[in-house]
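Here are my notes on the model below. They cover salt bridges and nonpolar packing.

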Amino acid sequence: MNWFSKLLEKNTTANKPSRKALPPGAEHRGSLPTDNTVSKPSSTHRQALSVAQLKKFAPLRDLDDAALSSLPHLSLAYAKGAIIFTLGQPTSSVLYLLAGQLSMQPDSDSHYQIDADSTLANLPLNSGSRCGATATALSDVRILEIPIQLNRLWTDKSQESANCVELVDIQLPEPINGSRFFNSFAQAYRENKLRLPSLPDVALKLKDAVQKDIGIRGAAEIIQLDPPIVAKLIQVANSPLYATEIPINNCHDAVARIGLNATRNLVMGISMKQLFSCTDPELMKGMQALWKNSLYVSSLSFVLAQECSNINPEDALLGGLIADIGAIPLLHFAEQFPDGGPSFQELKTALPYLRGPVGVLMLHTLGFPEQLGNVPHQAENWLYDSGPELTMTDIVILAKLHSYFGSGNARDLPYINSIPSYSKLNHGKLNPDFSLMVLKKAQNRVNAAMHLLS
């Protein structure tokens with residue numbers, strides 16, 4: 001059992017919600033399978049929407065014109081009261097609301113409404129292999145139907161950028177494109193002049209050693225090169241999480257008590273915290289906020305992996321921890337910028353545009369495993385589809401979306417049941433009650449972890 005699991009046990013207990021059964025098996029109706037409760041469209045129109053009309057929708061707006069002009073699509077009309085699709089229904093289409101109003105009933109006692117003139121109508125009603133809600137027409141509606149291959153088009157485009165560690169130019173959006181600071185940052189990135197902090201040698205050596213099945217003695221020999229980390233390990237081993245009647249007073253016994261994998265994650269966590277540091281008081285407050293949020297996302301990732309996937313929770317923990325690692329070089333650049341850089345709030349606003357390429361570069365420089373290299377680029381790419389199997393990137397995406405629950409930033413985000421990552425989870429698992437349990441577990445774990453890592 002690892003140290004984060006023990007934090008969970010010490011700080012919270014929760015009953016797991018029972019799974020709900022899936023709807024009956026569906027029969028195929030063209031590209032959108034149906035069961036006997038699903039209504040047939042009153043009409044189907046094959047006339048193509050213009051590229052400009054298609055670019056209203058995400059992620060279509062980010063595809064090039066050639067891809068959009070060749071993308072097949074249909075316009076389906078339904079009468080008021082029609083059921084467009086049902087919860088758990090398999091589908092090979094991505095659907096958008098063109099006109100009218102829909103009521104969406106996920107695996108929950110509550111429902112939500114989507115109007116065609118709202119910003120949420122620019123997002124897919126569903127984008128995974130199974131529908132995450134039952135959609136009922138509250139008025140006459142028109143639905144845009146696009147083959148699910150759209151997900152592959154968008155994922156391929158996203159993956160091209162994520163896989164590229166060469167220093168290609170960063171595309172700055174209009175709000176910051178005229179800024180001297182952000183143009184200087186993009187130039188420094190392109191010319192490989194960014195200050196990229198490194199992890200302590202002990203963290204990198206231990207990470208490589210554990211992958212080679214090193215024993216407890218070998219791990220202790222590496223960790224002993226860094227006395228502050230040794231002191232922290234002994235503190236954790238003697239904390240209520242692990243303490244027995246016999247106190248620990250050396251590194252070898254601390255590693256033996258905590259366990260190799262948990263020790264590796266603890267050392268990486270301690271080392272990661274050291275990266276979130278600078279001397280400017282305002283930026284340091286921002287760094288501390290980013291660190292706390294990273295710890296929160298890592299905790300959410302751990303709980304989601306543990307509760308509803310076969311992903312190693314310890315790997316998911318590390319994946320969540322590095323999701324915003326691209327912010328570190330940006331804040332260091334601001335600290336060193338002559339004549340003063342932008343405020344932390346301005347930097348935070350620009351972070352979504354810079355997090356991916358800078359984070360990928362930083363992980364590559366630090367020698368992190370390839371499976372983590374995708375995370376900074378895709379962590380807030382809500383419509384990213386990694387394929388039929390649930391991946392660690394999916395877990396971090398779900399954790400990131402969870403991290404915005406209850407905040408002002410959640411207003412224009414997609415409903416969690418409409419994104420591809422959700423459709424790969426065990427159905428009936430990630431309902432609202434379960435989400436509240438996940439948030440509670442993660443927050444309790446964060447509070448304890450912040451105390452241990454402070």
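Is lysine 55 buried, partly exposed or exposed? Lysine 55 is partly exposed, at a relative accessible area of 30%. Buried means under 20% relative accessible area, exposed over 50%, and partly exposed in between (1.4 Å probe, protein chains only).

1. Basis. This is a predicted model, in which local features need pLDDT of at least 70 and side-chain atom pairs count only at pLDDT 80 or more, while totals for chains, interfaces and linings use all residues. Residues are numbered from 1 along each chain as its sequence is written, and side-chain values use heavy atoms, with hydrogens and water left out.

2. Salt bridges. A salt bridge is a side-chain nitrogen of Lys or Arg within 4 Å of a carboxyl oxygen of Asp or Glu. The count by this rule is nine.

3. Lysine 55 and aspartate 65. Their side chains form a salt bridge with an N to O distance of 2.8 Å. Lysine 55 sits in the loop between helix H2 (51-54) and helix H3 (65-69), and aspartate 65 belongs to helix H3, so the pair ties together parts ten residues apart in sequence. Helices are DSSP runs (H or I, at least four residues), numbered from the N terminus. Aspartate 65 is partly exposed, at 44% relative accessibility.

4. Aspartate 315 and arginine 264. In this salt bridge the closest N and O atoms are 3.8 Å apart. The pair links distant parts of the chain, with aspartate 315 in helix H13 (residues 313-321) and arginine 264 in helix H11 (residues 260-275), 51 residues apart. Aspartate 315 is partly exposed at 24% relative accessible area, whereas arginine 264 is buried at 14%.

5. Aspartate 324 and arginine 355. The closest N and O atoms of this salt bridge are 2.6 Å apart. Aspartate 324 is in the loop between H13 and helix H14 (327-336), and arginine 355 is in helix H15 (residues 344-366), 31 residues away in the chain. Aspartate 324 is buried at 4% relative accessibility, and arginine 355 is buried at 6%. Salt bridges with shared partners join Asp324, Arg355, Glu380 and Lys400 into one network.

6. Nonpolar cores. A nonpolar core is a set of buried Ala, Val, Leu, Ile, Met, Phe, Trp, Tyr and Cys residues joined through side-chain atoms within 4.5 Å. The largest has 99 residues, of which Phe182, Ile223, Leu233, Met272, Ile325 and Phe368 touch the most other members. Helix H12 (residues 281-308) gives the most to this core, twelve residues. Apart from it lies another core of 21 residues, including Leu74 and Val141.

Terms used
Helix = DSSP H or I, 4+ residues; strand = E, 2+ residues; numbered from the N terminus.
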